[in-house]
Every structure is written in structure tokens, then in C-alpha cells.
Amino acid sequence: MSILVIGANGGVGQHLVNQLKDSNESFTAGVRKEEQVKSLKDKGIEATLIDVEADDLATLTEKIKGYDKVIFSVGSGGSTGADKTISVDLDGAIKSIKASEANHVKQYVMVSTYDSRREAFDASGDLKPYTIAKHYADEYLKQANIPYTIVHPGGLTDEAGTNKIEVGAFFEGRGTIPREDVATVLKEVVTTDYLLNTEFQIISGEEEITSALTNFTK
Ligand SMILES: NC(=O)c1ccc[n+]([C@@H]2O[C@H](COP(=O)([O-])OP(=O)(O)OC[C@H]3O[C@@H](n4cnc5c(N)ncnc54)[C@H](OP(=O)(O)O)[C@@H]3O)[C@@H](O)[C@H]2O)c1
């Protein structure tokens, strides 16, 4: 099984790359800069250039060829405007889903926002364009002809992972979660089959990650 991590240089992406490497999984880190490819390769990690905004659909389709699983851990970030939200978080996501579908990928894993439901638009304040982009990317994925998993993390922190989470379909309240724990969840999602065609929210909690995810599916 080969996995492509798009957005591998991000906060979550870097943890995921380290965890996949530690578990000897077969994967490639998709990053945007040549120097990032070089530094990953120097560490013995397969890496490739992939930019979901700059690469057109034909190019992305070619780049995704041969992978069984694709993880989209891309984000345009808070320091860019709504134009990037449209071209990266929406259009870039959908292009990568189309390219994955064309390649009959066995699972597409979307790192979404905590609440991408339509009813979250008005409550999301300055993040409204981002929430709308994530909503339609998630909707597109669910309607595409491709097995998927959509992970909705709470507010991301750089604290060390605890390996303990709370998982559910949709919470009333809010919470945070270390990027390292999000990566651990993504690793479980992408290296198993029991979380196919589902979506769930995750925040820090009391239950060990594998057990929490297993119980969620029961
Ligand atoms: N912040 C939160 O509280 C929060 C909560 C829930 C969900 N999320 C979502 O969680 C995901 C991961 O978060 P994070 O903290 O790891 O984000 P991050 O550190 O900002 O990483 C995002 C990654 O996306 C890459 N990227 C940006 N534009 C790209 C493009 N056109 N093509 C390919 N890659 C591109 C960036 O590349 P460079 O490194 O080259 O810049 C970066 O590596 C994001 O999708 C974010 O929207 C965030």
C-alpha cells in the first residue's frame, strides 16, 4: 500500500510523515519546494513536488498515479486572503479529489475544519470563506466515486500529543487537539480500513486514540 501525503510540510503533515516513517509505511511526502524535497530525501523519505493550486488537473492526475491512498492536509493558512481560500482549500482540494478518482485511489482522507456543515457558515465569523470552501470540498468528496474519510479536528495546538482523544459525529461544545494527535488519528485512518466512508470530529479527551476510533465505529 502506498500513501501520498499532500501538505506534508505542514504542522500536522510533518508529524504524520515522522509517524509513517517510524512505522515503516510505504509513503511519499508531497511538498511545494525543491529544498523540502531534498531535505526529506536526505532523511531517507520519499518526497515529490505537488502544489494543488499551481498544478492543473492533468498534472495532478499524473502525480497521483500509482498511489493507493491520498491524504489532503493542505491549508492556505490564516495569513492569506479569500482568493487563496478559493484556489487552494476549495479548487485545489477538488482538483486533487478528481485526480484521485481518475486514478481509482482506494481512500481519500480529507483534513477538514472542525465544523464544515452549512449551518456553521454564519457562526464562523472571519473564517466564513474558509468554512464555505471546506463545506463544498467535503460535499464534493462525499459525492465522488471514491472511498473517503473526513477528519474534523478541533483547534490545532503545538503541544505534545497525549494519544488521548474524544471522537464523535458532531459535538455541542468545542475543544482543541495537538497536531501530533491529529497525525496519529490520520495514520490510523490511512493504515486501516474500518474508518472508510465516514466522517468525525476529534478533540483532546480521555480515551486512547485507537480505542476511541474503534468504539466510534461500533
Ligand atoms: N488551525 C486550526 O485550528 C485548524 C483546525 C481544524 C482544521 N485545520 C486544517 O488542518 C489542516 C492542517 O493544519 P496544519 O496546522 O498542518 O496547517 P499548516 O501548518 O498551515 O500546513 C498546511 C500545509 O499546506 C501546504 N500548502 C499550502 N498551499 C498549498 C498548495 N497550493 N499545494 C500544496 N500544499 C499547500 C503548506 O505548504 P508550505 O509548508 O509550503 O507552506 C503547508 O505545508 C489544514 O487544512 C487546516 O485548514 C486547522
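How many helices and strands does the chain have? The chain has seven helices and eleven strands; helices (H or I, at least four residues) and strands (E, at least two) are DSSP runs, numbered from the N terminus. With a radius of gyration of 16 Å, close to the 17 Å that the globule rule gives for 218 residues, the chain is as compact as a globular protein of that length. The radius of gyration is taken over C-alpha atoms, and the globule rule is 2.2 Å times the number of residues to the power 0.38.

This is a predicted model, in which local features need pLDDT of at least 70 and side-chain atom pairs count only at pLDDT 80 or more, while totals for chains, interfaces and linings use all residues. Residues are numbered from 1 along each chain as its sequence is written, and side-chain values use heavy atoms, with hydrogens and water left out.

**The chain as a whole**

- The C-alpha trace spans about 40 × 35 × 35 Å along its principal axes.
- Of the 218 residues, 49% count as buried; buried means under 20% relative accessible area, exposed over 50%, and partly exposed in between (1.4 Å probe, protein chains only).
- Among contacts between residues at least 6 apart in sequence, 66% join residues at least 24 apart; contact means heavy atoms within 4.5 Å.
- There are 23 positive and 34 negative side chains, and the centres of the two sets lie 3 Å apart. Lys and Arg count as positive and Asp and Glu as negative, with His and the chain ends not counted. The place of a charge is taken as NZ of Lys, CZ of Arg, CG of Asp or CD of Glu.

**Buried residues**

- Val185 belongs to helix 6 (residues 179-191) and counts as buried, at 0% relative accessibility.
- Leaving out residues up to four places away in sequence, Val185 touches Val151, Ile165, Phe200, Ile202, Ile209 and Leu213. From Val185 to Leu213 there are 28 residues in sequence and 8.2 Å in space, C-alpha to C-alpha.
- Ser76 sits in the loop between strand 4 (69-72) and helix 4 (82-102). Ser76 counts as buried because its relative accessible area is 16%.
- The side chain of Ser76 makes a polar contact with the side chain of Asp89 (2.5 Å). A polar contact is a pair of N or O atoms within 3.5 Å; within protein, one must be able to donate a hydrogen and the other to accept it, and residues adjacent in sequence count only if both atoms are side-chain atoms.
- Apart from neighbours within four places in sequence, Ser76 is in contact with Lys84, Thr85, Val88 and Asp89.
- Thr157 lies in strand 7 (residues 155-157) and is buried, with a relative accessible area of 16%.
- The backbone nitrogen of Glu159 is reached by the side chain of Thr157 at 3.4 Å. Thr157 also touches Thr176, Ile177, Pro178 and Arg179, not counting residues up to four places away in sequence.

**Positive phi values**

- Most residues other than glycine have a negative phi.
- Asn24 is not a glycine, yet has a positive phi of about 60°. Asn24 is in the loop between helix 1 (11-22) and strand 2 (26-31) and is exposed, with a relative accessible area of 70%.
- His104, although not a glycine, has a positive phi of about 55°. His104 is in the loop between helix 4 and strand 5 (107-111) and counts as exposed at 68% relative accessibility.

**Other loop residues**

- Asp193 is found in the loop between helix 6 and strand 10 (198-204), and counts as exposed because its relative accessibility is 56%.
- The side chain of Asp193 makes a polar contact with the side chain of Lys69 (3.5 Å). Asp193 and Ser116 are 77 residues apart along the chain, and their C-alpha atoms are separated by 24 Å.
- Glu46 occupies the loop between helix 2 (34-42) and strand 3 (47-49).
- Setting aside neighbours within four places in sequence, Glu46 is in contact with Phe27, Thr28 and Ala29. Glu46 and Asp89 are 43 residues apart in sequence and 25 Å apart in space, C-alpha to C-alpha.
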